[in-house]
Amino acid sequence: DWNGIHYKTGMSSKNVGSKELSMNVATIPPGGVAYAHIHDGFELMLYIMSGNVRHEFGPGCRKTIENKAGDFIFIESGVPHEVFNMSDTEPVVAVVARSSADEWDKIIPYDRNSE
């Protein structure tokens, strides 16, 4: 678990020796929040399998977009973002692919009020 998100063990440098990629399944519980953070030096793509999410992103996390099951999401390196499960009863489940095999060492907490 990390930052309010449960991760099913996937593949990364830690278990398959990959050099540039990682992939797993993330679940945000009902009403859950993945608090503001930045991916330092890697990109991320998600496929929402179930649920509805709201991403607040950019400087101060002032921009907003909503996504639902069946949507793809791309997050550039260095973009601050915070993710909200919009349901109080259903989890959000997403396949997550990253362009880093050691992504956990490159996620930086972000203070939304810093900008």
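In what order do the elements of the chain run from the N terminus on? They follow the pattern β-α-β-β-β-β-β-β-β-β-β.

**View 1. Welcome to the whole chain, a predicted model.** One helix and ten strands make up its elements; these are DSSP runs numbered from the N terminus, with helices being H or I of at least four residues and strands E of at least two. Residues are numbered from 1 along each chain as its sequence is written. As this is a predicted model, local features need pLDDT of at least 70 and side-chain atom pairs count only at pLDDT 80 or more, while totals for chains, interfaces and linings use all residues; side-chain values use heavy atoms, leaving out hydrogens and water.

**View 2. Here is the open sheet of five strands.** Its order is β6-β5-β8-β3-β10, with antiparallel pairing (two strands pair if DSSP finds at least two bridges between them). Because β6 (63–68) and β10 (107–109) each have a single partner strand, they stand at the edges, and one side of each lacks a neighbour in the sheet.

**View 3. Now look at where β3 meets β8.** Strand β3 (residues 33–39) and strand β8 (residues 81–85) run antiparallel and are joined by three bridges. His37 has His81 in β8 as its bridge partner.

View 4. Of the 115 residues, 39% are buried, meaning under 20% relative accessible area with a 1.4 Å probe, protein chains only. Among contacts (heavy atoms within 4.5 Å) with a separation of 6 or more, 74% come from residues 24 or more positions apart.

Definitions and conventions:
Buried means under 20% relative accessible area, exposed over 50%, partly exposed in between (1.4 Å probe, protein chains only).
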